[in-house]
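This report goes through one structure step by step.

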Amino acid sequence: MLKRMFNQYWSPYLVMAVAGVLSALYFGITKTVWAVTGEFTRLGGHILEWFGVDISGWAYFKLIHMEGTTFTRTDGWIVWGMFIGALLMVLLGNNFKIRMPRQKRRWVQGLIGGFIAGFGARMALGCNLAAFFTGVPQFSLHSWIFIVATAIGTFGGAKIVGTSWWKGKPVLQKGNTAKIVKERAKIQPYIGMVLAVGYAALIIYFYAAGKNMLGTAALFGALFGILIERGQICFTSAFRDLWISGRATMTKAITLGMAVSSVVTLIIILVGGMDPVTKMAAPSTLIGGLLFGVGIVMAGGCETGMMYRLMEGQVVFLPVFIGNIAGATVLAYGWDHLGIYNALVKMGKPINLITELGAAWALILTLVLLAAGFIVAVFWQKNYRFGVGFKKGETKHVH
Amino acid sequence: MSIDYTLDLRGESCPYPVIYTLETLQGMKKGELLQVIADCPAAFRNVPEEVVKHGYTLEKEPMKNGKELLFFIRA
């Protein structure tokens with residue numbers, strides 16, 4: 001049982017359904033949604049403050065609130081909790097390894113992709129979480145615009161990474177060149193257990209000290225981190241793999257998770273008499289989504305996937321993380337200083353499907369759209385093939 | 001079991017393991033055997049899935065080699 005939990009990856013469908021329920025509960029408890037890039041932007045703001053930059057006048061930082069430090073904010077603990085939860089799973093599974101990219105170009109590609117993705121996500125006021133996985137269940141129209149734009153963006157991204165100058169060349173040799181390694185004594189699981197106990201103590205401390213919201217964020221953050229690592233959840237692959245080889249596993253799993261989350265969230269909204277979190281739907285949502293789609297494919301992961309990959313020791317995601325924060329910070333600068341808000345955001349408005357259509361129709365429409373997406377994904381997986389797309393016939397052999 | 005080619009994908013992250021594997025298989029003669037060395041956890045899942053979907057066969061169960069995984073694919 002324990003072996004199964006840590007040595008095998010979990011079903012992405014189960015993982016996304018559980019994440020859907022948990023994210024709805026998290027909203028019910030804290031009135032905020034599971035999100036990460038807002039906090040990345042604040043981290044960028046803090047870095048600027050370190051260097052003595054006065055950001056008190058920047059409109060974007062007023063919008064997302066810079067109060068406190070990352071350790072006194074729920075959004076902060078969601079981020080650190082995710083890192084720690086993912087790291088826990090990697091260690092318990094004895095799976096940490098520094099994975100160095102062989103091709104130097106990957107470092108630059110990660111940085112550029114991360115920058116574009118960070119910039120785009122914040123322009124749209126959310127990444128694959130707040131403008132996607134936790135945006136749809138809030139019935140916020142902006143997330144649908146963002147999803148469509150991201151899909152288009154990833155198509156462009158897939159075209160770019162498919163070019164030979166971007167893709168590079170693998171190491172292909174004749175014969176058998178694999179060296180069989182002897183398994184050494186496992187120490188990672190013990191480090192993992194110590195970390196787990198330490199983190200549990202921190203969560204207990206938060207509750208004992210009356211910081212209930214921080215405790216909840218730290219707990220849910222870790223749970224989200226555990227889930228995305230164990231399910232190898234990748235929002236980038238949900239779109240990109242459709243364009244490349246017709247793989248739709250993630251597409252289907254994420255769609256299912258959003259459907260589950262939509263139902264649970266609506267119950268929580270109605271029973272608790274809560275207001276759904278609705279974000280601005282504007283031209284910036286569309287442009288931000290396009291940029292985000294291109295960026296995540298170039299980077300090889302979005303703001304969420306990057307987190308657990310980094311914990312697995314895939315160091316190429318370090319420049320992606322730096323790029324994400326830099327891109328988000330530049331967007332924050334451009335928001336008022338370069339007139340992004342006036343040009344692309346001001347004319348928009350927050351539109352919520354519940355307010356527009358009523359709760360019942362909002363849910364029905366959401367579920368119908370998700371079901372349609374699921375069916376398209378199934379069809380795509382069956383018929384789309386690497387290199388040939390939808391054309392009939394056997395996969396081509398060059399020889 | 002004689003291995004014709006070895007594709008070393010260590011250090012490569014998505015989507016390159018899948019792209020490289022399928023491209024290499026397209027360039028091989030039918031019946032030849034490809035060994036793939038991967039260390040990206042996402043590739044542990046998507047490489048075998050995509051290989052089978054594209055009409056190739058896994059010669060035997062993937063073999064765990066420390067923190068790497070070895071795949072044996074018949075073109």
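Buried residues make up 57% of the 399 residues in chain A, where buried means under 20% relative accessible area, exposed over 50%, and partly exposed in between (1.4 Å probe, protein chains only). This is a predicted model, in which local features need pLDDT of at least 70 and side-chain atom pairs count only at pLDDT 80 or more, while totals for chains, interfaces and linings use all residues. Side-chain values use heavy atoms, without hydrogens and water; residues are numbered from 1 along each chain as its sequence is written, and chains are lettered from A and ligands numbered from 1 in the order in which they are written.

Chain A holds 19 helices and three strands. Along the principal axes, the C-alpha atoms of chain A fill a box of roughly 65 × 50 × 45 Å.

Of the contacts in chain A with a separation of 6 or more, 80% are between residues 24 or more positions apart; a contact means heavy atoms within 4.5 Å.

| Residue | Relative accessible area | State |
|---|---|---|
| Leu63(A) | 44% | partly exposed |
| Gly135(A) | 3% | buried |

Leu63(A) sits in helix H4 (residues 59–64) of chain A. Leaving aside neighbours within four places in sequence, Leu63(A) is in contact with Leu125(A) and Trp335(A). Leu63(A) and Ala332(A) are 269 residues apart in sequence, yet 9.8 Å apart in space, C-alpha to C-alpha.

Gly135(A) lies in the loop between helix H7 (129–133) and helix H8 (141–162) of chain A. With neighbours within four places in sequence left aside, its contacts are Leu129(A), Ala130(A), Ser140(A) and Ser143(A).

For chain B, UniProt lists residues 7–31 as "domain: UPF0033" in an unreviewed entry; positions follow the numbering used here, feature names are shortened, and annotations may be inferred rather than shown by experiment. The span of residues 7–31 of chain B is 48% helix and 8% strand, and its end C-alpha atoms lie 16 Å apart.

Methods: Helix = DSSP H or I, 4+ residues; strand = E, 2+ residues; numbered from the N terminus.
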